[in-house]
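Please open the model in your viewer and keep the selection tool at hand. The tour below moves from one selection to the next and says what there is to find at each stop.

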Amino acid sequence: MRRFDKQLIKLNDMLLEMGALVEQSIFIASQALIEQDLTLAKKAIAAEADVEQKEKDIEAFCLKLLLQQQPVARDLRVISAALKMITDMERIGDQAADISEIVVMMNDAPHIANLEHIPKMATATVKMVTDSIDAFVKKDLELAKSVIDYDDVVDDLFDKVKFDLIELIRKDSGNGEQAIDLLMIAKFFERIGDHACNIAKWVVYSITGKQ
């Protein structure tokens with residue numbers, strides 16, 4: 001095995017570790033919301049720093065590979081895609097922290113609505129992140145494309161959340177403040193889905209050379 005291939009395996013491992021961190025952040029943020037658990041919310045906020053450190057570590061490793069190995073076209077695509085992917089993963093970490101900050105601000109107020117669709121959004125976005133990173137590691141083009149298609153599921157759930165909250169405000173304007181908070185949380189989950197979709201698109205590029 002080429003030394004460079006061993007280093008690419010290490011890059012895959014680093015990406016899997018960062019992916020696991022952001023998956024955990026999304027899960028913790030959603031649990032903090034459902035259980036109105038401020039300790040969990042603060043844990044998700046604190047995890048943002050770990051995600052950012054992983055991004056810096058992977059970026060430094062990729063730049064080292066580029067400078068020392070002078071990779072050929074296909075390997076260059078893999079490294080370029082990894083650099084793009086970690087930017088999206090870091091933003092996912094940011095958005096998990098943003099969700100948790102809103103949970104803290106809501107300050108244990110009773111939920112005005114059944115949160116049925118928002119936890120489903122969280123589950124769907126974790127699946128997208130996991131599958132997109134697995135697609136990169138396994139060089140699985142079909143899995144990457146399935147992630148891109150799955151973004152429609154998250155968008156559909158967001159539309160349902162938006163409709164439900166608008167109906168609540170119509171019935172009782174006193175629900176307005178929390179409804180806006182919940183809508184912002186749903187919007188952050190929708191953005192997480194968009195970033196996972198971006199990761200999958202970079203996987204497609206790393207395999208095919210086409211964006």
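Is His117 buried or exposed? Keep in mind, as you look, that this is a predicted model. Select His117, which lies in helix H4, and you will be looking at a residue that counts as buried, because its relative accessibility is 14% and the cut-off for buried is under 20%. Now show what surrounds this residue: apart from its neighbours within four places in sequence, His117 is in contact with Leu157, Lys160, Val161 and Asp164.

Next, select the largest nonpolar core, which has 66 residues. Among these residues, Ile118, Ile185 and Phe189 are the ones that touch the most other members. Helix H6 supplies the largest share, with 15 residues.

Once its neighbours within four places in sequence are set aside, the residues in contact with Phe189 are Ile26, Ser30, Ile99, Ile118, Met121, Ala122, Thr125 and Val154. One of them, Ile118, is also among the core residues that touch the most other members.

Now hide everything except H3 and H4, and turn the view until you can see how they pass each other. Their axes come within 12 Å and cross at roughly 165°. An angle over 145 degrees counts as roughly antiparallel, so H3 is roughly antiparallel to H4. The crossing of H3 past H4 is left-handed. To display the contact itself, select Val78, Ala81, Ala82, Met85, Met89 and Ile92 on H3, together with Val129, Ile133 and Phe136 on H4. What kinds of residue make up this contact of H3 with H4, nonpolar, polar or charged? The contact divides into 9 nonpolar residues, with no polar and no charged ones.

For the last stop, bring the whole model back and select Gln36, which is found in the loop between H1 and H2. Gln36 is partly exposed, because its relative accessible area is 27%, a value that falls between the cut-offs of 20% and 50%. Leaving out neighbours within four places in sequence, Gln36 is in contact with Gln31, Asp108, Ala109, Pro110 and His111.

Methods
Residues numbered from 1 in each chain as written. Predicted model: local features only at pLDDT ≥ 70, side-chain atom pairs only at ≥ 80, totals over all residues. Heavy atoms only, no water. Core = buried A, V, L, I, M, F, W, Y, C linked by side-chain atoms within 4.5 Å. Buried < 20%, exposed > 50% of the residue type's maximum accessible area, 1.4 Å probe, protein only. Helix = DSSP H or I, 4+ residues; strand = E, 2+ residues; numbered from the N terminus. Contact = heavy atoms within 4.5 Å. Axes fitted to C-alpha atoms, helices over the stretch in contact; angles between N-to-C directions. Parallel < 35°, antiparallel > 145°, perpendicular 65-115°, else oblique. Left-handed = near helix turned anticlockwise from the far one by under 90°. Nonpolar A, V, L, I, M, F, W, Y, C, P; charged D, E, K, R; others polar.
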